[in-house]
Amino acid sequence: MADTERRHHGNRHGRSEAARRAVLQAADDLLAEKGFAGVTMEGIAARAGVAKQTVYRWWSGKTAVLVDAFVEDLAEELTPPDHGRLALDLPAYLAQLAHVLSATDTGAVFKALIAQAQHDPAFGAGFRARYLDEQRRRDRLPLERAVARGELPAGIDVAAESDRLVGPLYYRVLVTDEPVGRDYTDRLAHDFLDRVLNQRGW
């Protein structure tokens, strides 16, 4: 059999999307169960039911697998709602973000990756580059839509305001471990709307 055929058919999953998804799910599960140090490429392959060579064919190491898994999970689980009004969109999005960060496997993976980033500057730089830009785009979307609809003034600093909205959630989730339930996220949204709209006379 030609070498190219062996690479393509080296295990029962081949290069299929099902195998890729199995690897990402295995990485998620192992990170949540064992923490960053407990995850290995061998363990990921065994949990996914694929050959180790298959995993290395697609990813250079465990950090690449873990970050890809996290980024894909977050994109699936965290979609800013669009109800046509900021008064509905903002509380819903903040509640969604708080839930993902504090009460899901994706949130547990996020905490583990953030912890690893404190000890490994190279990993931290790569993780932030892969994750932060896309996440900030999601965070800004409710405000950007509101500006486009004329609900917020065109001159508002959307990037700064979105950071002020989500920053307290990350602080509670990562530092104080205080609750981030719906009462809290609704209060963040209400305080923002009250401050921004009243301050500008809208």
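## Close-up views of a predicted helical chain

View 1. Over residues 17–77 the chain is 80% helix and 0% strand, with its end C-alpha atoms 19 Å apart; helices here are DSSP runs of H or I of at least four residues, strands are runs of E of at least two, and both are numbered from the N terminus. This is a predicted model, in which local features need pLDDT of at least 70 and side-chain atom pairs count only at pLDDT 80 or more, while totals for chains, interfaces and linings use all residues. Residues are numbered from 1 along each chain as its sequence is written, and side-chain values use heavy atoms, with hydrogens and water left out. The UniProt record, an unreviewed entry, assigns residues 17–77 the annotation "domain: HTH tetR-type"; UniProt positions are given in the numbering used here, feature names are shortened, and annotations may be inferred rather than shown by experiment.

**View 2. The whole chain.** The protein chain has ten helices and zero strands, and its C-alpha trace spans about 75 × 35 × 30 Å along the principal axes. Of the 202 residues in the protein chain, 42% are buried, where buried means under 20% relative accessible area, exposed means over 50%, and partly exposed lies in between (1.4 Å probe, protein chains only).

**View 3. The edge-to-face contact of F110 and Y170.** Nine aromatic pairs are counted under a rule in which rings of Phe, Tyr and Trp (its six-membered ring) pair if their centres lie within 6.5 Å, with planes under 30 degrees apart counting as stacked, over 60 as edge-to-face and the rest as tilted. The ring centres of F110 and Y170 are 5.8 Å apart and their planes stand at 65°, so this pair is edge-to-face. The pair links distant parts of the chain, since F110 belongs to helix α7 (residues 105–119) and Y170 to helix α9 (residues 158–176), 60 residues apart. F110 is buried at a relative accessible area of 2%, and Y170 likewise counts as buried, at 15% relative accessibility.

View 4. F127 and Y131 form a stacked aromatic pair, 5.3 Å centre to centre with 5° between the planes. Both residues lie in helix α8 (residues 121–149), four residues apart, which is about one turn of the helix, and both are buried. One aromatic cluster is formed by F36, F70, F110, F123, F127, Y131 and Y170.

**View 5. The salt bridge of K52 and E42.** The whole structure holds 18 salt bridges, a salt bridge being a side-chain nitrogen of Lys or Arg within 4 Å of a carboxyl oxygen of Asp or Glu. In the one between K52 and E42, the closest N and O atoms are 3.2 Å apart. K52 lies in helix α4 (residues 52–58) and E42 in helix α3 (residues 41–48), so the pair ties together parts that are ten residues apart in sequence. K52 is partly exposed at 33% relative accessibility, as is E42, with a relative accessible area of 41%.

**View 6. The salt bridge of R149 and D89.** The closest N and O atoms of the salt bridge between R149 and D89 are 3.5 Å apart. This pair links distant parts of the chain, with R149 in helix α8 and D89 in helix α6 (residues 86–103), 60 residues apart. R149 is partly exposed, with a relative accessible area of 32%, whereas D89 is buried at 0%.

View 7. E144 and R140 form a salt bridge whose closest N and O atoms are 3.5 Å apart, and both residues lie in helix α8, four residues apart, about one turn of the helix. E144 counts as partly exposed at 37% relative accessibility, and R140 is partly exposed with a relative accessible area of 21%. Elsewhere, salt bridges that share partners join E17, R20, R21, E72 and E76 into one network.
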